Amino acid sequence: MSESAQRPDGPGLQDALALGLTAAEYELVCEKQGGRAPNQVELAMYSLLWSEHCAYKHSKKLLRTLPTEGPHVVMGPGENAGAVDVGGGLVCAFKVESHNHPSAVEPFQGAATGVGGILRDIFAIGARPIAVLDSLRFGEPSGEHARYLLDGAVRGIGHYGNSIGVPTVGGEVYFEGPYEQNCLVNAMALGLAEREKLVRSAAAGVGNVIVLFGARTGRDGIGGASVLASAELGEGGEDKRPTVQVGDPFEEKKLLECSLELLERGLLLALQDLGAAGLTSSAAEMASKGEVGIDLDVAKVPLREDGMEPFEIMVSESQERMLCVVEPANVDAVEALCEKWEVNSAAIGTVTATNRMRVFNGVQLAGDMPVKALVDECPLYDLEPVKPTEQIYAPPEATLAQGASPRQALLALLASPNIASRRPLFEQYDAIVQSRTVRRPEQADAAVLALPDGGALAVSIDCNGRRVAADPYRGTVGAVLECAANLACVGAEPLGTTNNLNFGNPEKGHIAWQLTESVRGLGDACRALGAPIVGGNVSLYNEGQASGPVYPTPVIGMVGRLPDASHSGRLGFACSGDTVALVGPFAPSLAASELAKLRGEPLPDGLAEIDIGAVHAAQFAIRGAVRAGALSSAHDIAEGGLATALAECCLAGGMGADVRLQEAGEGDPFVALFGEGPGGFLVSGTPNGVSSLGRRTPTRVIGTAGGSSLQITTGDLTLSATLSELAEAHGALAELFG
Amino acid sequence: MKFGVLQFPGSCDELDALQAARKVGDAELIWHSERDLKGADAIVVPGGFSYGDYLRAGAIARFAPAMESVIDFANGGGLVLGICNGFQVLCEARLLPGALLSNANRRFTFRQVELEVADHNTHFTRACTAAAPGGADERLSIPAKHSWGRYYSSEETLKAIEENGQVVLRYAQGQNFNGSLADIAGVRNEAGNVFGLMPHPEHAVDELIGGSADGLEIFESMRLSVEGAYV
Amino acid sequence: MRARVLIRPKAGILDPQGEAVERALPALGFVGVANVHIGRLVELDVEDPSQIKEMCEKLLANPLVEDYEVQLLDGGA
């Protein structure tokens with residue numbers, strides 16, 4: 001009879017409910033435990049592993065519909081990160097993750113540890129991290145709280161990324177009312193590894209030793225996963241502060257070098273990082289993948305605090321720790337290498353054939369659970385989608401006067417928080433350490449990183465949540481196309497995709513509908529572009545009791561490759577006199593556009609249909625022209641429409657332009673100027689270079705680059721603004737970082 | 001010619017410095033706990049966050065065994081280049097005058113800056129292409145990325161270093177974002193063999209990756225001095 | 001013996017952190033606040049308190065730009 005039979009004073013149903021399990025789930029746990037109630041250690045571990053954050057109870061079935069295979073995929077979903085082949089014997093590992101709830105409570109540490117966590121996922125598979133991108137959402141910056149979160153998150157990301165020596169090369173930030181109470185902080189990371197050197201996390205080999213290395217274990221984030229991430233944020237945010245994790249990038253730098261050297265020397269059989277739910281999830285997942293059991297002794301774990309109980313040690317989310325499996329003969333060598341890097345290490349357990357997770361405290365058995373029950377047998381729920389019949393989101397406040405002229409509208413758009421230059425933000429990030437960065441932020445539509453063979457990687461992260469709210473299926477397709485368009489503008493072909501699904505409470509019908517439709521769009525778009533999903537993350541319950549859900553925000557990260565780094569595209573006009581052209585099946589509409597937002601319009605019910613095939617053809621054409629050096633510049637048309645894209649090209653290139661969009665009587669000039677939709681590109685180059693695009697995709701010459709002002713004629717209207725007027729408007733975010 | 005590039009726990013730009021130095025000569029890494037400088041003709045103390053910038057940037061690194069050897073090397077006239085965190089370490093070690101304080105804007109800032117070469121006759125700037133004063137070529141375009149880069153020294157020290165011509169690089173008009181005294185971006189010691197600067201020349205050695213190869217001129221200058229026996 | 005070392009920026013040196021805090025306090029409703037400076041606190045147990053001055057000079061403070069003050073706790077002197 002196991003010593004962990006329930007004592008009369010052990011936890012019961014009420015405790016299970018307080019930890020976030022449902023009554024039915026608790027019953028099931030008792031059943032899995034052989035008909036007896038779980039003790040404190042066991043209940044803590046089940047409650048974490050069966051939380052939404054760890055088990056993906058409401059999303060796993062849906063995620064199984066996504067395309068995950070492709071000719072370049074080397075490692076798909078299910079490992080610490082995914083990986084694609086990038087040629088020259090190298091693979092690029094990448095993934096995006098969220099740290100939303102912790103960042104809402106303590107933005108600096110929440111964002112910093114978000115970066116730390118995603119970096120560990122990359123080097124856990126044996127890849128050296130080479131870049132980070134951030135994707136942020138806050139409430140309108142007119143509000144002090146949003147500014148406080150923005151400032152903290154940016155400083156936190158900069159602090160962690162800069163200190164550990166990984167460049168932050170790109171990202172995005174949006175400000176919308178629905179994110180006011182529930183900010184989003186998503187971090188994406190990329191790494192490089194030799195193909196044969198990739199490491200998996202499955203524990204194997206009965207008798208092999210489990211070694212924990214890295215920082216000491218304290219009480220950081222105890223209960224974080226189930227308490228914070230699986231419930232809607234209510235009152236008492238300050239009470240949650242003790243459970244926030246504090247990151248140390250210096251510790252992680254040592255951990256990274258140590259891990260890579262351990263792998264280089266062939267000393268490890270498996271490696272896993274400790275993230276949400278700490279030792280619990282890390283050990284259980286290693287055991288599950290390896291179809292083995294694990295015995296752990298918490299008394300062997302190096303501790304930072306006195307008097308920690310076994311359950312605390314098992315669920316602590318202290319940062320900068322890794323778990324590995326080592327043959328007994330190699331344990332001394334592993335510990336010696338850890339000592340060189342000044343990183344703590346301890347052998348804390350062994351791989352067994354029992355298929356059970358057994359937690360000991362010295363000789364006393366403190367917890368005994370079947371591995372399968374913990375990791376694979378959490379109940380999965382079907383979503384019950386119900387298309388909403390009413391507006392879920394309040395219309396934004398109007399900030400642009402009725403009857404504003406096109407010139408006023410352009411300057412207002414350039415100054416608006418979603419479009420203004422992000423320079424004050426990205427200047428807080430080191431974008432060049434490791435000497436690979438070929439295109440820095442604001443130089444091109446995607447970041448470009450040189451590869452040793454003369455080629456380059458390109459990466460972008462995108463999602464317009466408001467457009468997804470207007471139409472979850474088409475808005476998500478649009479987000480995927482946007483990401484691929486950004487890659488095309490630098491000359492890159494997409495290889496694979498990662499995604500972070502940030503949604504509200506999936507138990508509500510309208511959110512379930514958003515999630516279902518969005519995942520459907522994600523799958524269709526990735527299939528059409530041949531850019532399969534190699535991994536990702538889901539963050540649900542992003543809604544406040546009083547404030548309603550966030551915009552459905554499926555953040556898309558995409559990695560691509562171009563064959564010649566010296567032919568990377570740029571977004572700014574480069575030569576005075578160059579021909580400027582509008583390229584692609586661009587069908588602008590003001591529905592769910594930034595102009596509509598400035599005008600205070602409510603979200604439309606649905607977006608226009610998208611011809612994915614035609615958009616794909618346009619991306620293919622742009623990519624080819626950029627690679628051939630046929631263009632001086634290429635820029636995807638996104639928020640703010642064509643006029644905004646023109647202004648951005650002028651500002652980046654330091655020269656104006658003179659263009660004509662349509663003849664008199666051809667339709668609402670505001671649509672032509674500021675309408676949005678996928679599939680539109682603005683390019684510049686020689687007349688021959690530009691016209692070569694016409695063979696593959698609609699191409700219309702609209703004017704010439706040069707001069708010191710931007711002049712756009714549409715119908716009878718001429719909009720004119722000098723470069724310095726455009727620059728002044730575009731610099732609006734600087735005051736947020738005073 | 002061989003460069004020795006120091007490596008502390010927490011160094012970030014040491015591999016970038018190694019790569020840059022290798023465009024000009026041989027280069028090898030020197031681990032912080034080693035005293036052997038491996039026959040290096042010149043030492044580079046790189047950028048990053050040695051020892052996590054704990055206590056003060058560079059405060060702990062200056063006591064590393066490798067730095068003890070570097071101090072002897074410098075006292076013997078050997079060339080030493082300190083970049084960013086390296087500059088901070090050299091100031092803490094008192095091989096260079098002054099101190100680096102937190103940026104006036106209180107934030108880490110990454111920006112490509114234009115630097116004016118105040119003295120072309122040093123071991124670190126002799127190869128910097130010099131046009132006539134005021135000519136367009138006189139500036140170096142080099143990226144800076146730091147939060148503790150505001151150069152400060154007492155009034156007497158400032159007077160002395162200006163009079164001795166120890167200011168080697170200054171931020172051009174409008175480029176001094178960290179509030180450095182007298183726009184000082186790089187300073188040498190009295191003897192002229194030790195030089196520190198906040199911007200990162202190792203990140204401006206390639207037009208494709210850096211958009212500028214002006215930084216290479218600093219490494220090239222060191223090679224000329226070493227191979228020409230400092231003439 | 002428990003000792004506490006207070007490290008402050010030297011008078012006259014720009015202290016942007018101090019200035020930022022001084023600007024932020026009125027916004028929270030605190031008036032009549034001036035001369036805010038931000039420094040560092042080091043606390044340590046020492047067997048020989050007479051060594052603390054040298055520790056400060058060598059490592060804990062940068063005497064070029066910082067002043068330091070040593071307090072001996074536990075009623076020691």
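The contact between chains B and C takes ten residues from chain B and nine from chain C, where residues count as in contact if their C-beta atoms, placed from the backbone, lie within 7 Å. By class, the chain B side of this contact has five nonpolar, two polar and three charged residues. Here Ala, Val, Leu, Ile, Met, Phe, Trp, Tyr, Cys and Pro are nonpolar, Asp, Glu, Lys and Arg are charged, and the others, Gly among them, are polar. This is a predicted model, in which local features need pLDDT of at least 70 and side-chain atom pairs count only at pLDDT 80 or more, while totals for chains, interfaces and linings use all residues. Residues are numbered from 1 along each chain as its sequence is written, with chains lettered from A and ligands numbered from 1 in the order in which they are written.

Chain B also meets chain A, with 19 residues of chain B in contact with 22 residues of chain A. On the chain B side, the elements that give two or more residues are α1 (14–21), β6 (109–117), β7 (139–146) and α5 (207–210); helices (H or I, at least four residues) and strands (E, at least two) are DSSP runs, numbered from the N terminus. The largest share, three residues, comes from β6(B). The chain B residues that touch chain A split into eight nonpolar, six polar and five charged.

Within chain B, helix α3 (residues 85–92) is largely enclosed by the rest of the structure, because eight of its eight residues are buried. Buried means that 20 or more other C-beta atoms lie within 10 Å of a residue's own; 12 or fewer makes it exposed, and anything in between partly exposed, with C-beta atoms placed from the backbone. β4(B) pairs in the parallel sense with β3(B) over four bridges, pairing being called when DSSP finds at least two bridges between two strands. V44(B) has L81(B) as its bridge partner in β4(B). Four bridges also join β4(B) to β11(B), and these two strands run parallel; there, I83(B) is partnered by L197(B). β3(B), α2(B) and β4(B) make a right-handed β-α-β unit, meaning that, with the strands pointing away from the viewer, the path from the first strand over the helix to the second runs clockwise.

Over in chain A, the axes of helix α15 (residues 406–415) and helix α25 (residues 723–730) come within 7 Å and cross at roughly 45°. Axes are lines fitted to C-alpha atoms, for helices over the stretch in contact, and angles run from 0 to 180 degrees between N-to-C directions. α15(A) and α25(A) are therefore oblique to each other. L411(A), L414(A) and A415(A) of α15(A) make the contact with E725(A), L726(A), A729(A) and H730(A) of α25(A).

Definitions and conventions:
Contact = placed C-beta atoms within 7 Å. Parallel < 35°, antiparallel > 145°, perpendicular 65-115°, else oblique.
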